[in-house]
Each structure stands twice: as C-alpha cells, then as structure tokens.
Amino acid sequence: MINAIIIDDEAHWIEELKLQLDEYCPAVSVACQCHSSKDGLEAIRKLKPDLVFLDIEMPGMNGFELLEQFTDIPFAVIFTTCYDRYAIKAIRFSALDYLLKPVDTKELIRAVKTVEEKQHVPLADQFKILLSQVREKDFTKV
C-alpha cells in the first residue's frame, strides 16, 4: 500500500484526483488532503507519506518551495499542474513524474505504477537535480 497526501489549493482538483485514485489506483491510500503548502508541509512531517501529489502554483509557497524545506526527501512526488512549460522540463530532467490538469486517468495509472516500481529507490539525488533546475528558472512567469 502506498500512503499518499494530496496538496493543492483548489478543492475541486483535490476531489477529482481523490476520486480517480479511489477508482483506478487501489494501491494508493490517501491519508490527507491539504489545501495549502503550509498544511501540506505539516502533514508530510507528521504522516511521513510514501507519495505526495503536489500542485506547483499555490499562494504563499509554491510546490518547489515546499520541497526546499527538506534536506532529504524520503517520499515520491507526482506534480499536478496546469502548466506545461518550464516545470515539465525541470521535472523530466530529474526523472520525476507530473500530471497535467485535468488529470488523465491513463497518465495517473502510469505515474502510480512508476512510483510502485521505484518505491524502494532513494530519491534524494533526483530532488537535488530538480531543485537546482528550479533555481535556474523563474516559475512566476509561467
């Protein structure tokens, strides 16, 4: 079982993703749904999930800034975003996954399968690459 957290500032995207996970990804158990990065950060620290579905653009602290709060990231991240420009290039460069909103069910299944297959592989190096790429890009203009 993959314990997951969904972090997105828009409730309808959380609900849509949760419904798809319940129906098509039985290996994923959503432990918490967070409507802000701050709440998501607290939930991650408390619940120690295997997987975080993370929106990129959120008020206060975006998804990348949330990840920068960790020195080592012991969970997988699947970004959920409406943006496909710089973010996708950064994510693909570091071998992390992403889903464009509205979430395509086949893509969701594929992303979760990837997490299942790599569940025991350390992700710290992938996140270091991702964060270095993010620092070079200005995501506020996306």
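**Exercise 1.** How many bridges join β1 to β3, and in which sense do the two strands run?

*Solution.* In this predicted model, β1 and β3 run parallel and are joined by four bridges. Within this pairing, I5 stands opposite V52 in β3. Turning next to β2, we find that β1 pairs with β2 over six bridges, again in the parallel sense, and that here I5 stands opposite C32.

**Exercise 2.** Work out which residues of α1 are buried, and where they lie on the helix.

*Solution.* Begin with the length: at 1.5 Å a residue, the 14 residues of α1 (residues 11-24) should span 20 Å, and this agrees with the end C-alpha atoms, which are 20 Å apart. Taking buried to mean under 20% relative accessible area, the buried residues of α1 are W13, I14, L17, K18, Q20 and L21. Seen down the helix axis, these residues fall within an arc of 165°, so they line one face of α1. The face turned away from this buried side carries the exposed residues L19 and E23. The cover over the buried residues includes β1, β2, β3, β4 and α5. Finally, α1 forms a right-handed β-α-β unit together with β1 and β2.

**Exercise 3.** Which residues have the most contacts inside the largest nonpolar core?

*Solution.* This core has 20 residues, and those with the most contacts inside it are I7, I44, L54, L66, L67, F75 and F79. The elements giving two or more residues to the core are β1, α2, β3, α3 and β4. Apart from it lies another core of 19 residues, among them L51, L99, V112 and V115.

Technical notes. Residues are numbered from 1 along each chain as its sequence is written. This is a predicted model: local features need pLDDT of at least 70, side-chain atom pairs count only at pLDDT 80 or more; totals for chains, interfaces and linings use all residues. Side-chain values use heavy atoms; hydrogens and water are left out. A nonpolar core is a set of buried Ala, Val, Leu, Ile, Met, Phe, Trp, Tyr and Cys residues joined through side-chain atoms within 4.5 Å. Buried means under 20% relative accessible area, exposed over 50%, partly exposed in between (1.4 Å probe, protein chains only). The expected span of a helix is 1.5 Å times one less than its number of residues. The arc is that of the directions from the helix axis to the C-beta atoms. Contact means heavy atoms within 4.5 Å. Two strands pair if DSSP finds at least two bridges between them. A crossover is right-handed if, with the strands pointing away from the viewer, the path from the first strand over the helix to the second runs clockwise.
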